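Hi everyone, thanks for coming. Let's look at this one together, starting with a whole chain and ending on a single residue.

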Amino acid sequence: MKSCNWRLCAVVMMAAVALLGTGCGPAGPVLAPVEGVVLLEGEPLEGAVVLFQPEAGGKPATGLTDAAGKFSLTTLEKGDGAYVGVNSVSITKQLPSTSSANVEEGEISEVELGSPPRYASPALSGITINVEKGMPPVTLEMTWEEQ
Amino acid sequence: MSRSSKGFTLVELLVVIAIIGVLVGLLLPAVQSAREAARRMSCTNNLKQIGLGLQNYHDTNGDFPPGGIWWTNSPGAANFARNRGSMLVYLLPFIEEKTLYDSLDLEQNPCYQKFPGGASVNGSPYIAGTVVSVYRCPSDPSPPRNEIVADGIQPGQLAMFSYAASKGPTRTGNNAAGSCPERAAYDAYNYSTTDNVPAGPFTRMGRVFTATMSDVEDGLSKTIFVGEVMGNCALPIQRGWAHSSNTQGMISTIYPINYDTCTQDLSKGPCAWWNNWSTEFGFKSAHPSGANFVMGDGSVHFVSETIDHWTYQRLGGRNEGEAASLP
């Protein structure tokens, strides 16, 4: 009977310990995976960075497009997506610098873009995307024409 | 029953071992996090000393110290001799390191000055090989001295540091040898495109600009002055605390906190490379989920890496007219 109590006690303790261990992780932002494609004048754009700035505030999510123009966003861990809610979007493609070839380490050089500059800032691009869980892939279309 | 009462059964022993295992498993992270908490306390205390040192420097000199006094990185170039070191040199008398400060000849470039008479301290003939404990965060995983050959100086001879002066939301450069495409995306957050008039309180161009308190229009308590960096994650730190181009006045808030640039291997991607001249110049620490900063009034704050990126820029900027409070 005594050994039975021992075992009961052990089981209870382990259960208590298991309960203690749950629910202790830090509460991070609510993210949802976001995938999509970037088109410039209807053609997939490779090497462009898509940035999602949460309008309610938060860390931006970024993703780099591949040869097919496809991207997947990352905020904290690879592929975890963007903040749920409305995000303002920027798209930039940095060209191999010609001016930075002559500067010293740490010296400021111009940003040279191979994408329309009016999409370069999330504050000014005018593109907003409402991020939701389970959302379909987004298509981001750009044009060189001024609007 | 009489047989089992003489000792423990195998099951009972296994249960006891399992319980001990679980308890140790629970305790170990707790002990580790207590150790990290102690390291972090020491780390924030150092930042406090730096913040107070900056205040005292301003009292004495009428302005804040330069981020750096820099002409060129090239040791062969004539202008290299005109370099006059980083903020960490000028702060020494204000963090009780006056003896070390006095051992440097500031009529010359201080970065690779040697101890007089061929002396050597801890295997380094260089004055800048002296580890300044206030400049080191105990959580910083990088070794106390340089790991790579810096300007021909062997590893282990130049003392590194864990704190760097902020240039706020000012544009950065871009290394053509390893160009990070995200640099163009984060450039949208800048409030200044020149180091001669930085958006934050410090710049490597200290011969052109040093801030006074009246240059910090957004308020000293609302402007980031100094934050955390790691020697493993930005190559210039390997040149030691006395060098004019060692990240002091070069760290920009346009890159998110704890952006990982801690690889020396370019094949892992240019954005993660520690020598890309862009994302390497963001504040970063080994603390989970954020980094410590000292504001202009000497107050130290832990800022989460998920802080709103616009708010982070307003905290970094000294005069953008949109003073932000810490969240």
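First, a word we need: a residue is buried if 20 or more other C-beta atoms lie within 10 Å of its own, exposed if 12 or fewer, and partly exposed in between, with C-beta atoms placed from the backbone. By that rule, 54% of the 327 residues of chain B count as buried. Please keep in mind that this is a predicted model, where local features need pLDDT of at least 70, side-chain atom pairs count only at pLDDT 80 or more, and totals for chains, interfaces and linings use all residues. Residues are numbered from 1 along each chain as its sequence is written, while chains are lettered from A and ligands numbered from 1 in the order in which they are written.

Chain B has five helices and six strands; these are DSSP runs, numbered from the N terminus, with helices being H or I of at least four residues and strands E of at least two. Its C-alpha trace spans about 90 × 55 × 45 Å along the principal axes.

Now, how many residues of chain B are in contact with chain A? It is 37, and they meet 39 residues of chain A, where contact means C-beta atoms, placed from the backbone, within 7 Å. On the chain B side, H1(B) gives the most, with five residues.

Last, over to chain A and A:Leu40, which sits in strand E2 (residues 35-40). Why is A:Leu40 called buried? Because 21 other C-beta atoms lie within 10 Å. Leaving out residues up to four places away in sequence, A:Leu40 touches A:Leu45, A:Ser115 and A:Met142.

Terms used:
Contact = placed C-beta atoms within 7 Å.
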